Amino acid sequence: MADEGGGPPVVGVDLGGTKIVVGVVDAKHQILGRAKRSTPAQKGGEAILEAILGAIGEALTEAALSVKDLAGVGVGSPGPLDPERGIILFSGNLNVENYPLGPDLERALGRPVLVRNDVWAGGYGELRLGAGRGARDLITAFVGTGIGGCVIMRGEIVAGATGNAGELGHIVLKTNGPKCGCGQRGCLEALASRTAIARRIRKAIRRGESSTLSTALRSKSDRLKSHDLAAAYHGGDALAIKEVTRAAHYLGLGLASLINVLGPEVVVVGGGVTEALGASYLDLVRASARPHILYDPDQKIRIEPAALGDDSGLLGAALMAREQFVNR
């Protein structure tokens with residue numbers, strides 16, 4: 001872990017399957033300017049690049065800075081990635097394959113760009129600045145369009161032999177289960193993400209079950225927003241409650257398995273679904289996980305909500321960029 005230092009601002013980009021969040025971040029981790037845009041996920045790499053550049057420009061304008069003022073850019077992107085070359089190999093939530101996001105951004109901006117897994121960025125942000133401060137062994141799970149994960153041991157992200165370790169969303173929990181965006185079946189992501197919840201609610205509505213979400217999910221292409229799901233859940237919609245509870249159960253099972261293997265000090269659960277549903281959702285996850293944790297009689301291992309909200313990914317990406325381009 002690099003020492004804290006000064007230096008010029010950097011940009012952090014959190015590229016997700018639904019939205020792009022960008023921040024201009026100074027050496028004290030303060031966000032000087034920010035922007036948010038929808039991700040043109042089905043339109044391919046060029047459209048995604050254009051959206052990122054537009055958001056960076058908007059954030060720089062708010063910060064009263066220009067591209068020339070930046071030390072560099074850090075991007076948290078869905079993977080798997082080739083992090084050394086800044087390439088998105090493929091993504092279940094973005095319509096890209098072998099897309100050179102890092103090199104394309106460098107050419108467009110004229111500044112160095114670091115591309116890392118989006119949940120690594122979020123996890124690192126939570127470790128350094130959020131719910132994991134003071135811990136050295138940490139697991140993060142971010143639940144949104146998909147489910148991403150990050151494993152940090154002794155203060156360092158566990159990258160593994162391929163540089164893509166930590167994909168907890170692709171732990172297989174149900175043989176021959178629903179198909180996942182990665183192409184496999186029965187992954188945690190296919191059982192517990194917002195996409196999975198929406199799929200089950202849509203099927204139930206077609207079978208004749210009633211729900212306040214019927215209008216929001218009229219067609220297969222309609223995407224369920226986290227705030228709409230939360231409104232239905234907290235409003236007492238029986239179908240929403242059933243499917244959120246089911247998803248939380250699967251997430252708890254997956255996290256318990258990881259806790260048994262890795263024994264972290266804290267598990268941080270974040271992402272749009274977690275943030276929208278709030279404490280009652282996390283209580284469901286804990287209730288599912290605890291009976292399956294083999295040995296933690298004093299409950300030393302904590303399961304906590306992410307503290308940085310939408311900013312965890314961009315702050316983590318900015319931290320990584322600063323350590324790469326400034327504090328070396």
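Modeller: Here it is; please keep in mind that this is a predicted model. We can start with R116, which lies in strand β8, made of residues 113-117.

Biologist: Is R116 buried or exposed?

Modeller: Residues under 20% relative accessible area are called buried. R116 has a relative accessible area of 17%, and its contacts, leaving aside residues up to four places away in sequence, include V75, G76, S77 and M320. R116 is therefore classed as buried.

Biologist: How far apart in space are R116 and N260?

Modeller: In sequence, R116 and N260 are separated by 144 residues. Taken from C-alpha to C-alpha, their separation in space is 27 Å.

Biologist: What span should helix α7 have, and how far apart are its end C-alpha atoms?

Modeller: Helix α7 covers residues 238-262, which makes 25 residues. The expected span is 1.5 Å times one less than the number of residues, so helix α7 should span 36 Å. The end C-alpha atoms agree with that expectation, as they are 36 Å apart.

Biologist: Within α7, why are E243 and R246 separated by about one helical turn, and how far apart are the closest N and O atoms of their salt bridge?

Modeller: The two residues are 3 residues apart in helix α7, which means that about one helical turn separates them. E243 is buried, with a relative accessible area of 2%, whereas R246 is partly exposed at 35%. In the salt bridge between E243 and R246, the closest N and O atoms are 2.8 Å apart.

Biologist: How many salt bridges are there, and which residue forms one with R128?

Modeller: Side chains of opposite charge can pair when their charged atoms come close. The count of salt bridges comes to 14. For R128, the closest N and O atoms of the pair are 2.5 Å apart, and the partner is E323.

Biologist: Where in the chain do R128 and E323 lie, and is each of them buried or exposed?

Modeller: The pair links distant parts of the chain, 195 residues apart, with R128 in helix α3 (residues 118-129) and E323 in helix α10 (residues 311-325). R128 has a relative accessible area of 10% and is therefore buried. At 18% relative accessibility, E323 is likewise counted as buried.

Biologist: Is R207 buried or exposed, and which residue forms a salt bridge with R207?

Modeller: With 60% relative accessibility, R207 counts as exposed.

Biologist: Which residues are linked with K19 in a network of salt bridges?

Modeller: K19 belongs to a network of salt bridges, and the residues linked with K19 there are K36 and D310.

Biologist: Lastly, where is S193 found, and which residue's backbone oxygen does its side chain reach?

Modeller: S193 is found in the loop between α4 (188-192) and α5 (194-206), and at 1% relative accessibility S193 counts as buried. Not counting residues up to four places away in sequence, S193 touches several residues, among them V143, G144 and T145. The side chain of S193 reaches a backbone oxygen at 2.7 Å, and that oxygen belongs to E189.

Terms used: Residues numbered from 1 in each chain as written. Predicted model: local features only at pLDDT ≥ 70, side-chain atom pairs only at ≥ 80, totals over all residues. Heavy atoms only, no water. Helix = DSSP H or I, 4+ residues; strand = E, 2+ residues; numbered from the N terminus. Buried < 20%, exposed > 50% of the residue type's maximum accessible area, 1.4 Å probe, protein only. Polar contact = N/O pair within 3.5 Å; in protein donor to acceptor, adjacent residues only side chain to side chain. Contact = heavy atoms within 4.5 Å. Salt bridge = Lys/Arg side-chain N within 4 Å of Asp/Glu carboxyl O.
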